[in-house]
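Have the sequence and the model open side by side.

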Amino acid sequence: MSNGVATNGTESQDQTHTPCQRYLSTRGEDSGHSFEYVVLKGLASDGGLYIPEEVPVVPESVWQSWKDLSYTDLAYNIISLFVSPSEIPAEDLKDIINRSYATFRTPDVTPLVHLQDSIHLLELFHGPTFAFKDVALQFLGNLFEYFLVRKNEGKEGRDRYHLTVVGATSGDTGSAAIYGLRGKKDVSVFMLHPKGRVSPIQELQMTTVLDANVHNLAITGNFDHCQDILKSLFADPEINSTHKLGAVNSINWARILAQTVYYFYSYFSLARQSESFNIGDKVRFVVPSGNFGDILAGYFAFRMGLPVDKLVIATNENDSLDRFWKTGCYTKKPVSGPAAEGGLPEDGVKAHEDGVKETMSPAMDVLVSSNFERLLWYLAYEFASSAGMDDEWNKKQAGQEVSSWLMDLKVKDGFGPVYKDVLESARRNFESERVTDQETLDTIKSLYQEVGYVLDPHTAVGVEAARRSVKRAGTDIPHISLSTAHPAKFSGAVNLALQDQPDFDFETKVLPQEFVGLDQKEKRVQDVANDWTAVREVIREQVEEELKALDSA
């Protein structure tokens, strides 16, 4: 190990790390890494995503003993299973976790509320930017800081390890990442967003952060162009030879790990709140899904031992995930022209890549769900295991199968149908639902009329899917539907759904005090052409300015 970073297959790592604390790539060509390595690297060298060599199966007596823990203590018990104490000692990990969630507006961090009948809502919008991504990105920001402080101990000036985080956003990821990294030493963060195509509140949340290490770049084009620039930068040997690039999007394993915690916490919250629900009973989780990271965290919780009846995927009209569960084929199925039009510009709908159907729930408007690859690996691994070979062979086969599927997706815009056993395995733990824009608006309206609760459009997709799931599963199985954002972040859809309600007023019923006057604050943003080399030069210049300022301080 070097500076706490384990290298491939070292004897020392075998002695200090359990298989749950070592990581491999879903593509099969990159393995034996430490937690620190995969957090700082983000994407595997073979283009795959990192997963633990094994998922710990927690004995029932152990996870049930967590039922009365605070959110932060529960987080420590879960996260420490995946992080060797030789990398982050227990007290240090507890401190990282405590600081990450001290920024939330409620001591519960992710409170559970009863909506109606057997449906409960997990509120994930109590962090600094009012979006579920804060749960992971506050933690990730503090991890970055911890690793860099250790790497730079005793180093001065230009000898210090400086991380340059580059991300692309169509809205919530940008502000959550910025709030997680603002003011951190030895980190520069560059967030690319499509100019004039994100919602006003999301743009203001990003551009009013004036910390010297935060750089907002408005790119001429759409989100697809921002993503292309990002990929070009990470593939460019020139910038990678001079700058240490880091990723904060949902491919980073630490984000999935942090989100696993609230599945356990909501389960225990339900047991505390409901007299009819006991520890050990099964529950259904319903998750609005775009890039598949949020529901994937639930899958890891299930594999660890949480009693999950089903994980219900809720998509909008960009339904590649729903179609996979229905048919076994995963295809992009892009649309164009009038068929692609929809959604509301004031909610950021124009940010998205070409080919998507623009909807009322724009954060879920994706053609390819990046984290789906991780689940595909587990499905392929289970299928390979049926051949009766050893574990090394099974993992190799899984990596080859995933690589083949993803190559077909890249070249042919899709893959499948997958083997019958693979699809049956997927259906054993998951169900899926597709929710249209009209159904989304109807759900916002009906729930407000029935219980007075205001949903954002993404959360409404989940609640509608939960209502359908209840009809299938029955009212005896409790449902926990995950929220994604505060309704004030998507005022267009909320106002459209509730405009004819006589007692509804957006400013008094929805708007948080933290959003008032945001448009009057000073902003800092730089316009950049849709050209990855131009962005590269901006990154070089701004990092150099930061380093010079530190040299003279």
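## Aromatic pairs

Phe292 and Phe372 are both buried. This is a predicted model. The rings of Phe292 and Phe372 form an edge-to-face aromatic pair. Their centres are 5.4 Å apart, and the planes make an angle of 70°. The two residues come from distant parts of the chain, 80 residues apart. Phe292 sits in the loop between β9 and α12 (293-304). Phe372 belongs to helix α14, which covers residues 372-385.

How many aromatic pairs are there by this rule? The count is 37. One of them brings together Trp63 and Tyr267. Their ring centres lie 5.8 Å apart and the planes stand at 75°, so this pair is edge-to-face. Planes over 60 degrees apart count as edge-to-face. Trp63 is in helix α3 (residues 60-64), while Tyr267 is in helix α11. That links parts of the chain 204 residues apart. Trp63 and Tyr267 are both buried.

## Helix α11

Helix α11, the helix of Tyr267, runs over residues 253-273. Its 21 residues reach 32 Å from the first C-alpha to the last. That is close to the 30 Å expected at 1.5 Å a residue.

Is α11 enclosed or open to the outside? Of its 21 residues, 19 are buried, so the helix is largely enclosed by the rest of the structure.

## A six-stranded sheet

An open sheet holds 6 strands in the order β3-β4-β14-β9-β10-β13. Its pairing is mixed. Which strands form the edges? They are β3 (112-116) and β13 (430-434), and each pairs on one side only. Neighbouring strands are turned by 25° against each other on average, direction ignored.

Strands of a sheet pair through backbone hydrogen bonds, either parallel or antiparallel. In this sheet, β9 (residues 283-288) and β14 (residues 479-482) run parallel. They are joined by 3 bridges. Phe285 has Ile480 of β14 as its bridge partner.

## Val287 in strand β9

Val287 lies in strand β9. Its relative accessible area is 0%, so Val287 is buried. The cut-off for buried is under 20%.

Which residues touch Val287, leaving aside its neighbours within four places in sequence? The contacts are Tyr263, Asp294, Ile295, Val312, Ile313, Ala314 and Leu482. Val463 is 176 residues from Val287 along the chain. The C-alpha atoms of Val287 and Val463 are separated by 8.7 Å.

## Salt bridges across the chain

The structure holds 37 salt bridges. In one of them, Arg158 pairs with Glu544, with the closest N and O atoms 2.9 Å apart. Arg158 lies in the loop between α6 (133-151) and β5 (163-168), and Glu544 in helix α21 (residues 532-552). The pair therefore ties together parts that are 386 residues apart in sequence. Both ends are partly exposed: Arg158 has 44% relative accessibility, and Glu544 has 30%.

Lys420 is exposed, at 62% relative accessible area. Glu424 is partly exposed, at 42%.

Arg468 is in helix α18 (residues 457-473) and Glu439 in helix α17 (residues 437-451). The pair links distant parts of the chain, 29 residues apart. Arg468 is buried, with a relative accessible area of 19%. Glu439 is partly exposed, at 29%.

Which residues join this pair in one network? Salt bridges with shared partners connect Arg468 and Glu439 with Arg284, Asp309, Glu431, Glu433, Glu464 and Arg472.

How values were computed
Residues are numbered from 1 along each chain as its sequence is written. This is a predicted model: local features need pLDDT of at least 70, side-chain atom pairs count only at pLDDT 80 or more; totals for chains, interfaces and linings use all residues. Side-chain values use heavy atoms; hydrogens and water are left out. Two strands pair if DSSP finds at least two bridges between them. Helices (H or I, at least four residues) and strands (E, at least two) are DSSP runs, numbered from the N terminus. Axes are lines fitted to C-alpha atoms, for helices over the stretch in contact, and angles run from 0 to 180 degrees between N-to-C directions. Buried means under 20% relative accessible area, exposed over 50%, partly exposed in between (1.4 Å probe, protein chains only). Contact means heavy atoms within 4.5 Å. The expected span of a helix is 1.5 Å times one less than its number of residues. A salt bridge is a side-chain nitrogen of Lys or Arg within 4 Å of a carboxyl oxygen of Asp or Glu. Rings of Phe, Tyr and Trp (its six-membered ring) pair if their centres lie within 6.5 Å; planes under 30 degrees apart count as stacked, over 60 as edge-to-face and the rest as tilted.
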